[in-house]
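Here is a short briefing on one protein chain. The points below are grouped by topic, to be read alongside the sequence and the coordinates.

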Amino acid sequence: MFEQLVEIIVNYVEVKKEDIKPESRFMEDLGFTSFDFMSMLGEIEDTLDVEIDQEEAANIRTIQEAADYLSSIS
């Protein structure tokens, strides 16, 4: 799941794949804006055929938290 997320993340921010770590935070470390984050969630939903709860998404801060959440719903 982590690798899939990294593939999607690099489409939204100017970060090298090797610089994305499980503990990387979307906003603080990777430079996501709220718009970037919401757009990425839409792509994740389409790509993985899942539905992301918006309240749950608001609590996701790191790549690992996102991977764990996605694993739990897919």
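Q64 sits in helix α4, which spans residues 63–73. This is a predicted model. In it, Q64 is partly exposed, with a relative accessible area of 32%. The chain separation between Q64 and R25 is 39 residues, yet their C-alpha atoms are 9.0 Å apart.

**Salt bridges**

- The structure holds 2 salt bridges.
- One of them joins the side chains of E7 and K17, at 3.0 Å from N to O.
- E7 belongs to helix α1 and K17 to the loop between α1 and α2, so this pair ties together parts that are 10 residues apart in sequence.
- E7 is partly exposed, with a relative accessible area of 42%.
- K17 also counts as partly exposed. Its relative accessibility is 41%.
- D29 and R25 form a salt bridge too, with their closest N and O atoms 3.0 Å apart.
- D29 counts as partly exposed, at 41% relative accessibility.
- R25 is partly exposed, with a relative accessible area of 35%.

**A buried charge**

- Where is D36 placed? D36 is in helix α2.
- D36 is buried, yet has no salt bridge.
- The nearest side chain of opposite charge is R61, and R61 is 14 Å away. A salt bridge needs a side-chain nitrogen of Lys or Arg within 4 Å of a carboxyl oxygen of Asp or Glu.
- Setting aside residues up to four places away in sequence, D36 touches Y12, V13 and G31.

**The loop between α1 and α2**

- Helix α1 covers residues 2–9, and E23 is found in the loop between α1 and α2.
- E23 counts as exposed, because its relative accessibility is 54% and the cut-off for exposed is over 50%.
- Beyond its neighbours within four places in sequence, E23 is in contact with D29 and T62. Of these two, D29 is the salt-bridge partner of R25.
- E23 and I9 are 14 residues apart in sequence, and their C-alpha atoms are 14 Å apart in space.
- V15 is found in the loop between α1 and α2.
- What does V15 contact, leaving aside its neighbours within four places in sequence? V15 is in contact with V10, I20 and L30.

**The loop between α2 and α3**

- Helix α2 covers residues 34–48 and helix α3 covers 54–58, and E51 is found in the loop between them.
- E51 is exposed, with a relative accessible area of 72%.
- E51 takes part in a negative surface patch, formed with D53, E55 and E56.
- D49 is placed in the loop between α2 and α3.
- D49 is not a glycine, yet has a positive phi of about 55°.
- Is D49 buried or exposed? D49 is exposed, with a relative accessible area of 71%.

**Helix α3**

- Q54 is in helix α3.
- Q54 counts as partly exposed, at 43% relative accessibility.
- Not counting residues up to four places away in sequence, Q54 touches M38, L41 and E45.
- How many residues apart in sequence are Q54 and K17? The pair is 37 residues apart in sequence, and 26 Å apart in space, C-alpha to C-alpha.
- K17 is the salt-bridge partner of E7.

**Charges in brief**

- E7 and K17 meet in a salt bridge, as do D29 and R25.
- D36 is buried and has no salt bridge.
- E51, D53, E55 and E56 form a negative surface patch.

Technical notes. Residues numbered from 1 in each chain as written. Predicted model: local features only at pLDDT ≥ 70, side-chain atom pairs only at ≥ 80, totals over all residues. Heavy atoms only, no water. Patch = residues over 30% accessible without salt bridge, like charges linked within 9 Å, V, L, I, M, F, W, Y side chains within 5 Å. Areas by Shrake-Rupley, 256 points an atom, 1.4 Å probe, with all protein chains shown as cover. Lys, Arg positive; Asp, Glu negative; His and termini not counted. Charge placed at Lys NZ, Arg CZ, Asp CG, Glu CD. Helix = DSSP H or I, 4+ residues; strand = E, 2+ residues; numbered from the N terminus. Buried < 20%, exposed > 50% of the residue type's maximum accessible area, 1.4 Å probe, protein only. Contact = heavy atoms within 4.5 Å.
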